[in-house]
Amino acid sequence: MPVFGIGTWRMGESSRMREQEADAIRHALDLGYPMIDTAEMYDDAELVVGEAIKGRRDGLFIVSKVLPSNASRKGTVQACERSLKRLGIDCLDLYLLHWEGSYPLEDTLAAFQELKTAGKIRHYGVSVEKVEEALKAIEYPNVATVQII
């Protein structure tokens, strides 16, 4: 996993700024930034990222996140498919649960494993609020990262 990258929070909020935002991402890539962090909740940031990485996917590490309101087993898979389509790619390098919600963590992690098996994501992880939830999450096979927020 790369040590540094560019975040895209607040990108895609204004249709007038999208080309400049895509140019900013391209510039970061030209400077050697290997990772782009985005999320389904960042308005249309995934569309901006998709535009910026056209023809440049090789060597990039793309991260996106599922909203807790979409983190049921079925909803996580559907959210990932939407993110992949907006990004214009076949596979995410890291897919995260943005933060805990009302769906059982087990359901989200099962969906992540399903997506990994299907080749839609390479790695997955979670952001949780409680140490107990973090400890529970790391017991699952293949969890790449657990962030306590």
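Which residue in S4 is the bridge partner of Val66? It's Leu97, and the views below, taken from a predicted model, start from the sheet around that pair.

**View 1. Six strands line up as an open sheet.** Read across the sheet and you get the order S1-S2-S3-S4-S5-S6, with parallel pairing. At the edges sit strand S1 (5-7) and strand S6 (143-148), each of which pairs on one side only. Going from one strand to the next, the twist averages 20°.

**View 2. Strands S3 and S4 are joined by four bridges.** Here you're looking at residues 61-66 (S3) and residues 92-97 (S4), two strands that run parallel. Spot Val66, then find its bridge partner Leu97 in S4. Helix H3 (residues 73-87) packs on the sheet too, touching S3, S4 and strand S5 (121-128). The direction of helix H3 makes about 135° with that of S4.

**View 3. Val3, Phe4, Leu31 and Tyr33 make a nonpolar surface patch.** The patch is about 450 Å². Zoom in on Leu31, which you'll find in the loop between helix H1 (18-30) and strand S2 (35-37). Is Leu31 buried or exposed? Leu31 counts as exposed because its relative accessibility is 59%, and the cut-off for exposed is over 50%.

Notes. Residues numbered from 1 in each chain as written. Predicted model: local features only at pLDDT ≥ 70, side-chain atom pairs only at ≥ 80, totals over all residues. Heavy atoms only, no water. Patch = residues over 30% accessible without salt bridge, like charges linked within 9 Å, V, L, I, M, F, W, Y side chains within 5 Å. Areas by Shrake-Rupley, 256 points an atom, 1.4 Å probe, with all protein chains shown as cover. Salt bridge = Lys/Arg side-chain N within 4 Å of Asp/Glu carboxyl O. Buried < 20%, exposed > 50% of the residue type's maximum accessible area, 1.4 Å probe, protein only. Pairing = 2+ DSSP bridges. Axes fitted to C-alpha atoms, helices over the stretch in contact; angles between N-to-C directions. Contact = heavy atoms within 4.5 Å.
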